[in-house]
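Take its parts one after another.

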Amino acid sequence: MKIFHIVSNKEWGGGEQYVYDLCQRQRADGIDVQIFCKPIDTIVNKYTEAGLRVETLPLKGALDVKSAWRMAAIVGQAGPCVIHAHNFKDAFTACYARRLCRNRQVRVVMCRHLTRKGKNTLLYRWLYRQLDCLVFDSRLSEDMFLSTGPTIDRGKLRVVHTSIAVPEGLQAVDVRREYGLPADSIIAMYHGRLDPEKGLDTLVEAAGMLNDNPRFRLILVGRGSDEYTSHLKQLISGIGLADKVVLTGFLRSILPYVAAADFGILASTVREGCPLSPQEYMSQGHPVVATNNGGQREYIVDGENGLLVDPGDATQLAAAMRRLAEDAALRQRLGQQAKADYDSRLNYEHFYEQISKIYV
């Protein structure tokens, strides 16, 4: 079997890393893998440096016939193969390519990485008929898609929780030394995009309520727009947290920093399907304080392997962070269960076994 992945975003992010990890695992299984992506150096180079074959296409969406023709010329020579799209606009291109190449041994599958309502226009109903399988990253994402009653064969739908690939022999960095923090600091960490929808204003406000705890520190990892980053810095300074909150910027390898934290934070105000940052903390034996509005509810159980709070509620968030910051036994108990849950049902091999079933 050969698998073609379509990656059409303009910047490297979680979706691109998802494809990167999946391709590496598929290659280890002896599967022939190739990438279709836009001609963007940062993305092309990342895949080619990993030894993956890359074909660049315009990938402009549902009306991009040029990309479909070029894809068809390649897929038509592949014999039994799968085109794996990761959004609907690329699924259109994949389905056009299959029709154009007349290769009857092409299967088209798609993974839905967003929590959005399904469309039911004539064009989308055509697309739903063409897809062999549509995978959602959570029950929440599937339910949201189906809430508008799209005309699609429910037998084509699957739910597979996304996972993370944890490298063997991972070593934690000395994050306290790197950022000049006291050796006895209790570190809460957020990593991801610096964006208002991630609830970072609420998180900083909540951190201000822990100003009376001399050991508490908050590390924010990621990058965002210059405007919003400047806003965060002003907010941090205005609350008097300049010596307690660290903005690291983008870090190329996040897991060694995650391993060094005491607990993680996901304060998103939007409903995310299967956010991966909580799993990264869980994989390292750390509990997570997360909002209760997304797919994280499907693997974080309040009081068992983490703590859940309402989105946008700084008081609740601060209380949960205080519990973890001031109770080492609670951190240990929740962290141990988080690690056990990750290892038993969220680890990458479990994900890979489930996702591989969509190709046949």
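Is arginine 322 buried, partly exposed or exposed? With a relative accessibility of 23%, arginine 322 counts as partly exposed, where buried means under 20% relative accessible area, exposed over 50%, and partly exposed in between, computed with a 1.4 Å probe on protein chains only. This is a predicted model, in which local features need pLDDT of at least 70 and side-chain atom pairs count only at pLDDT 80 or more, while totals for chains, interfaces and linings use all residues. Residues are numbered from 1 along each chain as its sequence is written, and side-chain values use heavy atoms, with hydrogens and water left out.

Arginine 322 forms a salt bridge with glutamate 326, and their closest N and O atoms are 2.9 Å apart. A salt bridge here is a side-chain nitrogen of Lys or Arg within 4 Å of a carboxyl oxygen of Asp or Glu. Both residues belong to helix H12 (residues 314-326), and because they are 4 residues apart, about one helical turn separates them. Helices (H or I, at least four residues) and strands (E, at least two) are DSSP runs, numbered from the N terminus. Glutamate 326 is also partly exposed, at 48% relative accessibility. Elsewhere, salt bridges that share partners join Lys2, Asp32 and Arg53 into one network.

By this rule there are 15 salt bridges. One of them lies within helix H6 (residues 139-146), where glutamate 142 and arginine 139 are 3 residues apart, about one turn of the helix. Their side chains meet at 3.2 Å, N to O. Glutamate 142 counts as buried at 12% relative accessibility, whereas arginine 139 counts as partly exposed at 48%.

Another salt bridge links two loops. Arginine 215 pairs with aspartate 184, with the closest N and O atoms 3.9 Å apart. Arginine 215 lies in the loop between helix H8 (200-208) and strand E9 (216-221), and aspartate 184 in the loop between helix H7 (175-178) and strand E8 (186-191), so the pair ties together parts that are 31 residues apart in sequence. Arginine 215 is partly exposed, with a relative accessible area of 37%, and aspartate 184 is partly exposed at 44%.

Helix H4 comes next. H4 covers residues 88-101, 14 residues in all, and reaches 20 Å from its first C-alpha to its last, close to the 20 Å expected at 1.5 Å a residue; the expected span is 1.5 Å times one less than the number of residues. Of its 14 residues, 11 are buried, so H4 is largely enclosed by the rest of the structure. Among the buried residues are Phe88, Asp90, Phe92, Tyr96, Arg98 and Cys101. At the N-terminal end, asparagine 87 caps H4, with a side-chain oxygen 3.3 Å from the backbone nitrogen of lysine 89. Just after H4, arginine 102 takes a positive phi of about 60°.

Leucine 241 lies in the loop between helix H9 (226-238) and strand E10 (245-249). Leucine 241 and glutamate 205 are 36 residues apart in sequence and 9.7 Å apart in space, C-alpha to C-alpha.

The remaining features are spaces. On a 1 Å grid over the protein atoms alone, a cavity is a set of points where a 1.4 Å probe fits but cannot get out, and a pocket is an open set with protein on both sides within 12 Å along at least five of seven lines; lining residues have an atom within 4 Å of a point. A search of the whole structure finds 1 cavity of 30 Å³ or more. The largest cavity has a volume of about 40 Å³. Its lining includes Tyr18, His113, Asp137 and Phe351, and strand E5 (106-112), strand E6 (133-136) and H14 each supply at least two of the lining residues.

The second largest pocket holds about 170 Å³ of space. Two or more residues of its lining come from each of helix H1 (14-28) and helix H14 (348-356). H1 gives the most, with 3 residues. The lining consists of Asp21, Gln24, Arg25, Ala165, Val166, Asn347, Tyr348 and Glu349.

Methods:
Polar contact = N/O pair within 3.5 Å; in protein donor to acceptor, adjacent residues only side chain to side chain. Points joined across faces, edges and corners; volume = space filled by probe spheres on them.
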